[in-house]
Amino acid sequence: MKNFIIILMLMALSTLLSAQSYQQTSQGVKAEVGQTTIELQFYSPEIVRVLKYPKTEKINKKSLSVIKIPEKTAFKTDRFNNVITLSSSEIIVTLNLTTGDVQFNGLDTRPFIAEKSSSSLFTDKQYKSGKTCEIQQTFLLDKQEAIYGLGQHQQGYMNQRGKSVRLRQMNTEIAVPIIHSVKGYAVFWDNYSETEYKDSFDGMSLTSVSSKCIDYYFMYGKDADGTIARIRDLTGQAPMFPLWTYGFWQSRERYTSQDELVGTVRKYRELGVPLDGIIQDWQYWSTDNTHWNAVEFGNPAFPNPKQMVEDIHGLNAHVAISVWPSFGPNTAIHKDLKKKKLLLNFDTYPHNNGVRVYDAFNPEARKIYWDYMNKNIFSLGMDAWWLDATEPEDNINGETLDGATYLGTYRDISNAFPIVSVGGVYDNQRKVTADKRVYIFTRSAFAGQQRYGANSWSGDIDSRWSTLRKQIPAGLNFSLCGIPYWNTDIGGFWAGRAYPEGIKDIAFHELYVRWLQFGTFTPMMRSHGTNTPREIYQFGKRGDWAFDVQEKYINMRYSLMPYIYSIGHDITNNSGSMMRALMMDFAKDPKVYDIDNQFMFGKSILVTPVTDSMYVNRTRDGRTVADFSAAKIQKVYLPKGADWYDFWTGEKIKGGQEISKAAPIDIIPLYIKAGTILPWGPKVQYAEEKNWDNLNIFIYPGADTEFVLYEDENNNYNYEKGIYSTIKMKWDDTNQTLNIGARQGEFPGMLSKRTFRITLLPAGKSIWSLPDKADHLIVFDGKEINVKM
C-alpha cells in the first residue's frame, strides 16, 4: 500500500512538472499544458499571436489574412510559481502553466483582456470529409467595456456587448472575426469557418465549426486609431483609390443596352449635374442563364463595347462593370475551369441552371478568372470592377460544406472566399499596369481585404427607413475592423417591397433624398437599386424639391473633394479612417459608446443622418403633393471634449450635450469641430475638371489644429514611389495665425503657384451664408508662409 501511494505521488509530480514545462523561442514561448500545446509569439511589441492545439497535431498554418513577417522583438521572460510573464516595451502577456490561460495587460498592469480559466475547448467532429474539431475560446471583459467590430451586420446597434452574432458570409452580412475594444486593443480570431460570437454573463466566446487549432492575435494600439494601425500592420495597408472614385456614381439594376448606359452619362452632362462613375450591372453577357457571367459581352444590345467605353470616357466619366465568381455551363470560362477541375460543386444563383462557382482558393483558377476579365473587358479600357456575390451565394448543406477546395474542405475556409477572390483580381491587374489604380467594389469581405483596393457595400437591402438607420452602425463596425472603404445602395436595393409604385411614389422620393444625404458622407457615393430607376432626372426637374436637394448634395460632395482625397492619403499613409465611430475621437465620453446613428466623416465633420419620415401625403387641386410643413426636429448629441459649429448656421455650441436641430428636407444635421481647417473645392462637373489652383480654406477657430492637403497624379501608382505633394497647414488658436508649411514632394503637372482663399468663420457665420470673398488671398509658391487672421 505504501509503495502504491508513492507511485501515485510520483505520477502526480510528473504530471505537475509536465504541466509546468516550457521553452523560450525567438518569438516568445512554447509550452505543453495537459494535452495542449500553447505558443505565444510576438509579431511586434504591440502584437502577439496565441496558438493552441492538441499535442497530437502538427500545425503548419499559412494565414490568408496575416501578411506581417514577425519583427525581432525584445521581450523579458519571468516566472513566478506556475505563471510565465512576457514583457515587451508595450504590453505584458502572462501564461498560466497549470490551466493554459493567457492574459494581456498594460505595462502599468492595467488589464486588457483575459482568457476565462480552462476555456480553450477542442470538440472532435466527424464529417464525411474527415475529422476536425469545433473550437471555442472564452474571454473575460470589463463590465463596462464597449466592444465593436465583427464586420457588417444588420442588427442595428454599435456596441456588441451582450449580443450574439453569427459570422457567415451572406448577402447583407459580412463576417470579419475582429473585435475592437474601447480600451484600445483588438483581437483577430484567425479562422475561416462559420463562427459564433456570443457575449453573456459567462464571458465573451468565439466558437468556430472547424479547425485543428485556436489561433488569434492580440493587438494593442492605445486608442482606436492606433488599434486600426496595428490591424493594418498585421493584415495589410490600404492603397490609394483614384480621385474620380470619390465623386458621384450612378447605377441601376440594370441598364439594358449600350445606348441606355451612355445616354445616362450624356443626360447628366446636359443637365450640368456632376457625375464621375456609371455602372453596367449584369446580363451584358446574355439573358440566357446558361451563359451566365460569361465574362465577355454577348448581349446584342451591347454591339460595340469598346466604343461604349470610349464614349463614356469622351464624356469625362468612368465605367465599372459587374463580374460574378460563378459561370453558366455554356460559357467558355466554365468549360475551361471544369476541364481543369477548378469549379466548386454546389448549386448557386441563378439556381438550377448548372451555374457553378470557381475555386478562388486555387491560384490557377484565379489566373484563369483574370485572364478572361483582362482579355474581354479590361482591354476595352474598363475602369473598375463590381465583383458581385463574393460571399459567394451558396446552397449551404452538408454536401456543400464537405466539398473539396484547393486549401481544404469548404467548411474549413468558406468565410475567406471574398479575400482570395478579390485579391486575385487586384494582384493580377497590378501585374498588367501601374497606370490605372485598381478599384473594386464588392459585396463581401474578410479581414485584410483592405490591401486589395476593395470597397465593400452592404448588399441587397430593403428600401425602408429602419434599414437606412441600420446601415450606420453596419458601416461603422465594419470600418473598426480596419477596412476603411464601405458604402450602400442609395435608396436601398429592393424598392418594390415597400414602394410598389417606385419612382412614382413621393414617399420614396423622401427616403431616397435622405439616403443620398447620408451617402454624401460615406467613402463611396453610389446610387443603385432594383424595381425603379434612380437617376436624378427621374425625380423631376430643377425647381422640384427631390431634384434640387439631390443636386445640392452631389455638388457638396465635389466641394469636399480636397478634404476627402486628403483623407484617402491619410488612410494609405497613416492607417486612417474615413467613417469614424464617435468612440474613435471621443473615447473619454462614455455617452458616445452606444450611439448608433451618428459618426464623424474624417476628423472634423459630425454627421447625423435623418432616418425617419416627415412626409405627409396631401391632395391639392386633384393631385398628390408632398407636404413638409411639419418641422422635422432631429436629436443630435455633441460629444464632450470639443465645441461645435452648426455647418448651416455657424452657431457655436459647447460639446457634451444633446440638442434639437431643425432638419427640413434639404438639411442633414452637420457640425464642424472647433479647431478645423476645411478645404473647399471648386464647382465642377467631374472630379478632375478643374485644378485646385484657387482653393478656399475655411478655419473654424476654438482649438489648435492641423490639416495636410494631399495631391498627386490622381490615377496611377507613382505615389508609391513618393511622387506626390503634401502641404501641412497649422492653426494656432491663441495667436489666430495659420501656418502654411513648405510644400513637400512633387509630381508631374503639379501647380507651381496657387491661390489660397483663407476665411475665418467666427460664430454665426457659415460657408453657405458668406459672400464670395475671402479674408485673405494668399499666393502660395511652395514656400512656408504665416497668415495672421
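Which residue in S30 is the bridge partner of Trp-457? It's Asn-487, and that link takes us to the edge of an eight-stranded open sheet. Keep in mind that this is a predicted model.

**The eight-stranded sheet**
- The strands run in the order S30-S29-S28-S25-S21-S20-S19-S31, and the pairing is parallel.
- The two edge positions go to S30 (486–487) and S31 (525–527), and each has a single partner strand, so one side of each is left without a neighbour in the sheet.
- S29 covers residues 454–457 and pairs with S30 in the parallel sense, with two bridges between them.
- The Trp-457 to Asn-487 pairing is a bridge that reaches into S30.

**Overall build**
- Across the protein you'll find 49 strands and 15 helices.
- The radius of gyration comes out at 28 Å, close to the 28 Å the globule rule gives for 789 residues, so the protein is as compact as a globular protein of that length.
- Along the principal axes, the C-alpha atoms fill a box of roughly 105 × 70 × 55 Å.

**Packing and contacts**
- Of the 789 residues, 62% are buried.
- Among contacts with a separation of 6 or more, 69% are between residues 24 or more positions apart.

Methods
Residues numbered from 1 in each chain as written. Predicted model: local features only at pLDDT ≥ 70, side-chain atom pairs only at ≥ 80, totals over all residues. Heavy atoms only, no water. Pairing = 2+ DSSP bridges. Helix = DSSP H or I, 4+ residues; strand = E, 2+ residues; numbered from the N terminus. Rg over C-alpha atoms; globule rule 2.2 N^0.38 Å. Buried < 20%, exposed > 50% of the residue type's maximum accessible area, 1.4 Å probe, protein only. Contact = heavy atoms within 4.5 Å.
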